[in-house]
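Please look through the report below with the sequence and the 3D view side by side.

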Amino acid sequence: MKNKIYTILFAAVVCFASCNLDKESPDSIPFDKAFSDMGSIEALERGAYSRLRTAYSISSMILPDLQADYVHAISGFSNTYGNVYQWTFSQDDGDIATVWNDLYGGIAFYNFIIEGIDSKLGFEPTASERTALNNIQGRMYLMRALSYSLLAERFCGDYDAATAKNEYSGVPLVTTYDSSKKPARASLYDVYDKILKDIEQAKQLLADQNGSPNSTTLNLDCVLALEARVLLQTDNYPEALKKANDLIGKQTYTLIDSEEELREMWTYDRSPETIFQFYASKTETAYQWGYYFYNEYNNGTDNKQYTMYPDYIPAQGCVDRYDAADWRRTVYFLDCTTDAPVDGRFIVAIIKGQSMFARNLTVISKYPGNPDLRTTSAWNYYNTFKPFRLAEMYLIAAEAAVLSGGDAETPLNELRIHRGLPKLPAVTLADVQEERYREMMMEGTRLTDLKRWGLGMTRGKAQEGEASKTGGNPWSYIDFVTEIGSDISKPKGDYMFVWPIPASEIFANQQLGGQQNPGWVR
């Protein structure tokens, strides 16, 4: 990849390792000394986790769902991510380039650690240190597989065995730490083949690392979860079903049993369903996942009312897909109303750009901010992201079963029961698609799902409600959402479902000339 990425990477490697390197000048430390002792290598691993968490950013995980059919932009919104929301982004889009660069920057870091443990150790490890080194290396293989999986989802078309071996259908494969290498795009088949090989390596090296709920350390269960996901993406339905059921069958993780437990998962970041989530604390803060949806104007300090100040609100069609009995309806959404108080306060929203208060409006509250991560009494909207959840394994099992003639009723109905919904007498692919839409909202899967299912995207009807200049009478109807982008409808296969290779990357790597994704070159 770009020389710039490797320069930044080396600086980061030095930064994370230098505290264990006898106070030598950071810019004079040879690469080999980064592997001089276990403390240095463990510091590098912490740097790798930081890289991975950066790659799982709002741009990477929320942006695909903003582009899809979950939300509308409020009138007067800040235009944050507006180009992607409006489907007007280009090869020069900075947010998309950031996703690409963060993922490849991480891959370079993981390559560095994998190679260093193989060939640059400056000490003879004991038996216990060798086990620890194997575990660290296994986590690097898993991080690399995760990164290539995200790159394939964002920057490649859906996997089709008939076309997967076509030239330049994948992304560049970089598997060594060498800034001089600027590879062309591989085929999508080769990309997924490499992902599965990295998964196998990780599986062997993490064989003794069983997981537990809410783990902040990557482990064997994370490997199995990624394997099930990748097998579904590559249309290997029998194996995807088997892997998902294997993880479900371990019974290490259990689906929640109440609406309150579901709320605790998304508010306090703890749940028996969570296979892996990123570490966060008051000093090592998380991303503000709910800021553009839930953003309380007074940070919870107004004793009379909660006042939401969102950029994006859910489409009416999104809200309507949640039955009143569905626990997710009241956990994932908050209704702004002056009729019934919550915690002694009424809830309204401010319509940006119009200085109006709104009621009978629904906002997204899936990421309300973890109170345990607040550093003051004010809300900060920090929640930690959860790349692997048990609910996804039930959805993978159900989808793979429908498409391979297996038992889809058992996994889908099990999930429905643990979301407050009744069982379905029979399960179709459409049923699975609807359940996945509801469960995975704002977790970055929607565009990938639409591509995999060969479906188009229609944003649908906007919410209606009432507004007032003062918050008191009279209330009257206004259009809450901006007209720009509100009525977008895209057919299946539209080229913009696949993000463009950033123009800056093509400029830096001449091998990528003529290899841009179809439709992006005008």
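The paragraphs below describe a few local features of this model, which is predicted.

Helix α6 covers residues 94–119, which makes 26 residues, and it reaches 37 Å from its first C-alpha to its last, close to the 38 Å expected at 1.5 Å a residue. This helix is mostly covered, since 19 of its 26 residues are buried.

**Two asparagines in loops.** Asn 214 lies in the loop between α8 (188–205) and α9 (220–233), and it has a positive phi although it is not a glycine. Asn 299, which also has a positive phi without being a glycine, is found in the loop between β2 (274–276) and β3 (305–308). The table sets out their values.

| Residue | Phi | Relative accessibility |
|---|---|---|
| Asn 214 | about 65° | 24%, partly exposed |
| Asn 299 | about 55° | 26%, partly exposed |

**Cysteines without a bond.** How many disulfides does a search of the whole structure find? The search finds zero. For Cys 336, the closest cysteine sulfur is that of Cys 318, and because the two sulfurs are 15 Å apart, they are too far from each other for a bond, given that a disulfide needs sulfur atoms within 2.5 Å. Cys 336 counts as buried, because its relative accessibility is 1%, and Cys 222, at 0%, counts as buried as well.

Terms used: Residues numbered from 1 in each chain as written. Predicted model: local features only at pLDDT ≥ 70, side-chain atom pairs only at ≥ 80, totals over all residues. Heavy atoms only, no water. Helix = DSSP H or I, 4+ residues; strand = E, 2+ residues; numbered from the N terminus. Expected span 1.5 Å × (residues − 1). Buried < 20%, exposed > 50% of the residue type's maximum accessible area, 1.4 Å probe, protein only.
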